[in-house]
Amino acid sequence: MNWIQQHARSIIFLIATLVVAGIVSTFNLPVALFPQVDFPRIRVNVDSGDRPAEQMLIEVTYKLEDAVRALPGIQGIRSTTSRGSAELSVNFAWGTDTVSALLQVQSAINNILPTLPTGTTFNAQRMSPTVFPVIGFSLTSPTRSLTELRDIAYYQLRPLLSTVTGTASVAVQGGDIEEFRVTVDPAKLQALNLTLGDIAKAVSAANVLVAVGRIEDHDKLYLSVSDTRFADLNQIATAVVRAGPNGVVLLGDLAKIERSTQPQWIAVTADGKKAVLFQVYQQPNGNTVQISTDVKALLAQEKARLPADVQIKSWYDQSELIMSSENSTRDAVLVGVGLAAVILFLFLRNWKITLIATLAVPAALGATMVLLNVLHMSLNIMTLGGMAAAVGLIIDDAIVVVEHIMRRLGSGQGTERERILQASREVAGPLTGSSAATIVIFLPLAFLSGVTGAFFKALSLTMASSLLISYLIALMVLPILASRLLKRGDAERLEKVGGLMERIHRGYSRCVHWLLRHAWLVVLGIVPILALGYFASKQVQSGFMPLMDEGGFILDYRSAPGTSLAETNRLLGQVEKIIQSIPEVDTYSRRTGTGLGGGLSEANSGDFFIRLKPPPRRVIDEVMNEVRNRVQETVPGLQIETAQLMEDLIGDLTSVPQPIEIKLFCENQTILEQAAKKVQLAIEKVNGVVGVKSGIVLAGDALQIEIDRVQAALEGVDPDAITTALNAALSGSVTTSIQQGPKLVGVRVWLPKDTRANIDVIGDLRLRAPDGHLFPLKRVAQLIPAIGQPEIARENLKRMVGVTGRLSGRDLGSTVAEIQSTVLAKPGFLPAGVTYQLGGLYQQQQIAFRGLTVVLLAAVVLVFLLLLFLYESFKVAFALLAMPLLAVPCVYVGLWLTGTEFNITSNMGMTMIVGIVTEVAIFYFSEFRDGTEGEEGDNRYVSAGINRMRPIAMTTFAAILALAPLAFGIGQGSAMLQPLAIAIISGLIVQMPLVLIVLPGLLRLLRVGNPKAA
């Protein structure tokens, strides 16, 4: 302590520098919604043309699974196979280098790519929170075409926004892609004895740009280029189709040439209008708020260069939620510090003492900001929440030191400076032990994996750093400030005990003396605490992660299999009217045939993102329920489900998008589908379960064209030639492209629409044999409409169907428990050969709870080891550890009384209580062991309690009030840490009676009465 006083100026200057550096770091740290986490999952999308799902499974999916399964570190593979496409979710162990994992997956697939059907392509992607956009905009115009809007978004805005620092990519969805359409007259084609292939070759041959050699002439080198490119629409018509003695036939003689657009099987709208969407994705370490600010600034500048009738509107902005959460957390810290300061002033009645203790908070938080900067972390919900939750514990350390200094300053010996130094020495040991008891709690969290570890390691690291810095400030800085600011008179006024405190002390003395004479009653008193905690634990609802009002939500939809894009749009028009009638809705965007998070999609499925107006308004759950109920009542042809973006994001990142998932396994697809429908009907009746899906996803209907090989041979053609001719007739042939400014516009050769309008017309489609004669398609083939095949899902090489559901007004744990007991556990409910597993977010919850239980047990063991190290007495260590273990049941009581779910956040709060209550118990025992000389027997227990009563009361009330803003969930985004605050406060409420009443009785019962023996 003398050394600290000798270097007081340098220590104070260091702390002041850290505070300033912390303020500067606040502006330099990247700001994001979540900590940067690489989920150990690689998603692979495979396209292999158009082929039935079963054939796709055998020819592609099986081979991909076998190739990827051999990679080291694989935890599981999940696949979904549809017509000509497949999606693989390759899960690795947590902590895997996802860049290396991505390269391994790509390498394994590339090795077998030659064995897959010709034309098979794949795209592999790492999964992280950045797979969803951070900001999205819509482009609409009352006069301009979707082609023009897409060109503006793609060629003007996309390159501009890609320059923003931290931007990974800018994606454009919707709009039409321009192309030139060559519609050939079938009659003229027949009269000239030509085929569509002949026309396509002629168009391609007429549009050429080829380097043909180099020429040296007059000391110069020339590159010779043959350039016969089309410059515009009119020149396409001049392409020569046939030339001979009778003249030439031009393309314009037998075809209509016009500007058109590529066939589109997706639709995009915004606020009920056809639109083009563009959305910005950030790099893993990008600053979301800065990206959003820069993007908006660039768009504001670019607005002047856009056509006046083009409107840009933001339909999603993640930075708004981040800033609201940051402001809420900042307000929670300020309000918490203010309330704690009020408590200190009421107890200490001295503004100088209050100021000294309160200054520890900005000093500790500022230094923590610097540490976050050094560790390349970001400001997000978890790090900010960690600092907010740490405020009460920082205040605790300051109170303990300042209160002990004041006590010794008023009653010690020597000069004022010597008394303060002596008090600092006395408190250093207990302060070190108590701080270690709190910080050691966070060590097991470093080994926590899964979603819990991914998100809460940042919180635990922030809190541990804050508490460590707080300990150093309390040990080194506060005594320096006290020696400069406090005088003996301040302490003497503080030590004057009023009539109320005298009565409290007398009552406490009588109570403890009586309890010590009947110490066995302590055991009886513990029983009701444990019984009440057990009862409360059975009543508390359980969930996964806290749900917070994010200001917007996702509405996923799917119409009946095979529904056309036009019919799906008609149904969605009714949904849009419902959304527009909800007063809380600010804006929305809609995607059909694609989705916000990517993945397999058909023309009958897609999603909305609905953005709500800022508060005050109804809570988001009420709005979601109203939208879901009204759509289900008025649009019966549509299956929908709603979820907030974070829930949807975590589901996509972990490949378990729904809270409830019952995975059924059986190799017989028919039995599997029957079981899935049976389970669906059963769990739909369970209270609180909504949006139940059987997991049987049918692809769109198909027209099977079965070619008769014998009949084809009689016509002089082979099946491959017929297939090629059908492809040209039904899909057209993009045979060349023409440069138009910054883009290449394709030229598609096609037949008129009325020749391919329906099945009957296609049957009459005229095909040409090599000898020139024509014959209808129906002469060599049967046209059979086929109902869409179901997608085939597999998990770990076993065929699987996942029956899924979401929740409304009920917790996850009790709902799944009821499903298990009333549905799945019924004898004979599932057919023979069908097994099941519970997946979804429930599975993630159970994994998280198991991990946090291990963390809690490890924390208890570490705290016991620390106590044993400090006192080398099993009796003392057991008695002190019993206090936090008795506080844990009271956490369940607090959650039950407040209606708070037991989830991973409240579980962490329970774990932290072990360290917090142990800290107070250590100070009591240190006072008991090193108390007033000459006091023996029961008086020593009582004196220790009276001496510690004021600091325990101050630390308890100050910590509770510091956490109160978080506990009340004030502000957007605060709901994430609300259960943690409620759990900690529940334990804090009982720590004072436990330590001051139960602990003396337990120590007496264990015969820990001789300080020397202790």
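**Notebook: salt bridges, strands and a surface patch**

I began with Arg 630, which counts as partly exposed at 30% relative accessibility. I note that the model is predicted. Arg 630 forms a salt bridge with Glu 626, and the closest N and O atoms are 3.2 Å apart. I placed both residues in helix α21 (residues 620-634), four residues apart, about one turn of the helix. Glu 626 is also partly exposed, at 23%.

**Other salt bridges**

I looked up the total next: the count comes to 29 salt bridges. One of them joins the side chains of Lys 743 and Glu 178, at 2.8 Å from N to O. This pair links distant parts of the chain: Lys 743 sits in strand β25 and Glu 178 in strand β7, 565 residues apart. Both Lys 743 and Glu 178 are buried.

I then turned to Lys 663 and Glu 795, whose salt bridge has its closest N and O atoms 2.9 Å apart. Lys 663 lies in strand β21 (residues 660-665) and Glu 795 in strand β29 (residues 792-795), so I had distant parts of the chain linked again, 132 residues apart. Lys 663 is buried at 3% relative accessible area. Glu 795 counts as buried at 11%. Shared partners join Arg 78, Glu 661, Lys 663 and Glu 795 into one network of salt bridges.

**Strand β19**

Is strand β19 buried or exposed? I found eight of its eight residues (605-612) buried, so the strand is largely enclosed by the rest of the structure. Ser 605, Asp 607, Phe 609 and Arg 611 point one way, while Gly 606, Phe 608, Ile 610 and Leu 612 point the other. Strand β17 (residues 552-559) pairs with β19 in the antiparallel sense over seven bridges. Ser 605 is the bridge partner of Arg 558. Strand β18 (residues 585-592) is also antiparallel to β19, over seven bridges. There, Thr 587 stands opposite Arg 611.

**An open sheet**

I traced four strands in the order β12-β7-β25-β24, an open sheet with mixed pairing. β12 (255-261) and β24 (733-740) are at the edges with a single partner strand each, so one side of each has no neighbour in the sheet. Neighbouring strands are turned by 25° against each other on average, direction ignored. β7 (residues 178-184) and β12 pair antiparallel over seven bridges, and Phe 180 stands opposite Arg 259. Helix α25 (residues 719-731) lies across β24 and β25, at about 115° to β25.

**Surface patch**

Last, I checked a nonpolar surface patch of about 420 Å², made by Phe 345, Trp 351, Leu 355 and Leu 359. Leu 359 is in the loop between α12 and α13. Leu 359 is partly exposed, at 39%.

How values were computed
Residues numbered from 1 in each chain as written. Predicted model: local features only at pLDDT ≥ 70, side-chain atom pairs only at ≥ 80, totals over all residues. Heavy atoms only, no water. Buried < 20%, exposed > 50% of the residue type's maximum accessible area, 1.4 Å probe, protein only. Helix = DSSP H or I, 4+ residues; strand = E, 2+ residues; numbered from the N terminus. Pairing = 2+ DSSP bridges. Axes fitted to C-alpha atoms, helices over the stretch in contact; angles between N-to-C directions. Contact = heavy atoms within 4.5 Å. Patch = residues over 30% accessible without salt bridge, like charges linked within 9 Å, V, L, I, M, F, W, Y side chains within 5 Å. Areas by Shrake-Rupley, 256 points an atom, 1.4 Å probe, with all protein chains shown as cover. Salt bridge = Lys/Arg side-chain N within 4 Å of Asp/Glu carboxyl O.
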